[in-house]
Amino acid sequence: MKKVLSRIYLAFIFILLYAPIAVLIIFSFNNSRTRAKWGGWTFHWYISMFQDGAIMSALYNTLIIALLSALISTLLGLLASFSLIAMKHKKRTVIMSLLDIPMLNAEIVTGISLMLIFIAVGQFLSKWGYTIEFGFGTVLIGHITFNLPYTVLLILPKLRQLNVSTYEAALDLGASRFLAFRKVILPDIMSGVLAGFMLAFTMSLDDFVITHFTKGPGFDTLSTKIYTEVRKGIKPEMYALSTLLFVSILVLLLIFGRGRGKKTTAVSQV
Amino acid sequence: MSTKLIDLQNITKSFDGNLVLDDMNLYIRENEFLTLLGPSGCGKTTTLRIMGGFETPDKGRVIFDGQDITSLAPNKRQLNTVFQKYALFTHMSVAENIAFGLRIRKKSEDYIRDKIKYALKLVNLEGFEDRTPDSLSGGQQQRIAIARAIVNEPKVLLLDEPLGALDLKLRQDMQYELIRLKNELGITFIYVTHDQEEALTMSDTIVVMNQGYIQQIGSPEDIYNEPQNAFVADFIGDSNIVNGTMIQDKLVEIFGVRFACVDTGFGNNNPVDVVIRPEDVELRLLPDIDSGDQEKYDEAVRKITRVNPGYFEGTVSHIIFKGMHYEIEVQSHGFEWLVLSTRMFPVGSRVLMSVDPFNIQIMNKPASEAEMAVTMDEHL
Amino acid sequence: MNKTLRKLLLGGPYMVWIAAFIIIPLFTVVYYGLTDKTGAFTVSNITAMGTPERLKALILSLILSLIATAICLIMSYPLALILTKMKTGATGFIVTIFIIPMWMNSLLRILAWQTLLERNGVINQILGALHLPKQYMINTPYAIALGMIYDFLPFMLLPIYNSLERIDPNVVNAAYDLGANRFQTFWKVIFPLSLPGVISGITMVFVPALTTFVISDFLGGSKVLLIGNVIEQQFTQVGNWNVGSGLSLVLMVFILISMAVMQHYDKDIGERTTIL
């Protein structure tokens, strides 16, 4: 009886979670420009999606920003972790709580604060004739900023578990500092570094709020594109694209196995 | 003779198709310190969990004090468990941990306070009431786990490898503590361990288990001195276990050499397992062969054959000083004999070795695991 | 290599980053929030929250985010319990199934609800086919609360699941062993031990729900405004950064209050968020 009840409950939540996604996927095959009507099955939107310049450029921007911000924030996070681990406890606590602000603060406030600083610096620089252009660069900086605490969060614990004597043993056996780092330390913390990179990449892919406040006119990622389209009527091509993205993430997750959820994992694993 | 407090009858249990316990019968008497001893996966912990109520046997019955408790929930049983890795409530103080069972039973706060005091005194941790479990060492956590269990005045305390996580010195201290506790409380202890030394030190009765079967039940002395099969002999202490042939009663042949022994009833010309404890092997140095001193050689043989008409020649291949004695490896007939001796024999020296007939243990070769199992009738 | 130089190379870049893109921007918000267009000190941007329309948005945001957090908790806890009780092996896969929706773009997930709830949406079409009256669902506070619950449910589920999974089964057995029944074991042992997960779940749902403007945009139309919408419009439509910053400061006060409350209930989360 208890087992049946819990099965029913699982099924209920499962349907609640997946029904909307299923609806989106079905719409991507709807042979009708409006979603109010079912016009039969079609693959048309999947083809025209690739011919739509605006969608393709948003996709390109999304991917390149995700890749670059993940790379840079992982690198910065790696440096930060090495520097943090060498610090005294008190100093580390202070710096870590500063670093965690973008993670704990509301996204809208982080977005606004970045927008304001870009404007302020832009006004300051305009005295010498320079300007700050809102677009690729500012969005990238925004993404690196909110990714940074997560990469540190995943790399630092690995560094803590590290056995210092293996590094010293490598030095003792004649390895140079660089070689000892590459052959001994890096393999041990690699899982954390990779997890940090993956988390940063997917968080960047998914971000809307920070991008919304740091992007300029004429620059779009997929999220901001969806946002503007929703207001003036969404193109069916967007359903097709989201279906493709969802399926590719699904496949990636199934390949890499136990992909857990994004930032909750990072936060609750600590 | 005291009565059976717990009686396990025909217990069978399997997990995912793996048989963990097969038709096991065992009883535990009141006030006994009984140890379930065996390697991991032998079914000892499952046996304990069945008594505690955390597993239900597929077949068989658990009788406690004359009542069938096979399907009784753990919280209704008059036994308490000390778990592996202590399982303390980390969100509560030491006092709250100890008071847990008493509060559930709605005892008065005065009673609870006295009990906490008494229990902490018993485990030598007076004044630890307000500490949190996280701030305690492994040994201290272990004592709190014991205190938490015994304040409920159980008739039986079940202990599941309670010392497994402690270091050697602490483990030895805790063994004495446990014996003292048992004597002071006057209740039954059922103890699970894979550590034969622990079992030999503390128990009144040892139950040796392997692969879901009871191999032998007996006092520590019985188990050590008269192992009933090669498994027990091998598991308890170090042993030399070799193939032999029982020529006739009181005569066994090992590697083509005939040794006098004291065992009878194994038939004639039957294959048997022969167990010889390392401390029972007698060694005698042979004079240097190159010097060819026949007289000295004969002298040595004469002396060794006083011990037993049968003897081996061998070469010392390894020797380690162990304080009280030397641990020596002797190569003979392609077998590596382990010998404990108070005398030093340099590596490479030739030796004669023999064993007092009384110290040669003869055992039937088992045809199968099931045949190795013994029944409760042998629980004396 | 020189030791101080090495320290500087390691520690320099991210310290500069923290200063330039985390701390100084926050002070910029404070500066804009406490000054007028001429740069003179004023509290009028803070008191600007006092207009009936904005107060209404703030109160509605608080009510909806509290409701959404409570419902997420009520829905997630039993789910997490069921998942932890499942046999290992299958668990990893099943947990993944409940987390996968989180990997889909959150705007799309909200959009999906729009297509379900709107006037000629999927639900109303199904109702129509069954000859039942159409329901007015979109552009109501209920729709927004539903969107919040849907969007943030996994953020509640995962921390609770992780904290439950970390409980040593023998600790639960010990409670039974000491005489506690199922109910007592749950309230005295399992629930207190899962509290860190519950607390981080609550913060991870409450703060985003309180400050969202996308969910209310998509499911509330322009009819239902949350405080997030009010602030967002100050920046993107009105263009009054001073008022926008002032309102953000008020919002941050609520975020800080919620964190302080949580910290009070659980010392662990403080450690978690500050040390790591």
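1. Strand β6 of chain B runs parallel to strand β7 (residues 156-160) of chain B, and 4 bridges join the two; strands are DSSP runs of E with at least two residues, helices are runs of H or I with at least four residues, and both are numbered from the N terminus. Within this pairing, B:L79 has B:V156 of β7(B) as its bridge partner. The model is a predicted one, in which local features need pLDDT of at least 70 and side-chain atom pairs count only at pLDDT 80 or more, while totals for chains, interfaces and linings use all residues. Residues are numbered from 1 along each chain as its sequence is written, and chains are lettered from A and ligands numbered from 1 in the order in which they are written.

2. Both strands belong to an open sheet of 6 strands in chain B, with the order β6-β7-β8-β3-β9-β10 and mixed pairing, where two strands pair if DSSP finds at least two bridges between them. At its edges lie β6 (79-82) and β10 (213-218) of chain B, each of which pairs on one side only.

3. Chain B as a whole has 10 helices and 20 strands, and its C-alpha trace spans about 85 × 45 × 40 Å along its principal axes. Of its 380 residues, 41% count as buried, that is, 20 or more other C-beta atoms, placed from the backbone, lie within 10 Å of the residue's own.

4. The contact between chains C and A takes 71 residues from each of the two chains, two residues being in contact if their C-beta atoms, placed from the backbone, lie within 7 Å. On the side of chain C that touches chain A, helix α1 (residues 3-33) of chain C gives the most, with 15 residues.

5. The contact between chains C and B takes 15 residues from chain C and 17 residues from chain B. On the chain C side, the elements that give two or more residues are α8 (169-177) and α9 (182-211) of chain C, and α8(C) provides the largest share, 6 residues.

6. The largest nonpolar core has 135 residues, and C:A68, C:M148 and C:F152 are among those with the most contacts inside it; such a core is a set of buried Ala, Val, Leu, Ile, Met, Phe, Trp, Tyr and Cys residues joined through C-beta atoms within 7 Å. Helix α7 (residues 141-165) of chain C contributes the largest share of this core, 16 residues. A second, separate core of 105 residues includes B:L21, B:L36, B:Y86 and C:A175.

How values were computed. A residue is buried if 20 or more other C-beta atoms lie within 10 Å of its own, exposed if 12 or fewer, and partly exposed in between; C-beta atoms are placed from the backbone.
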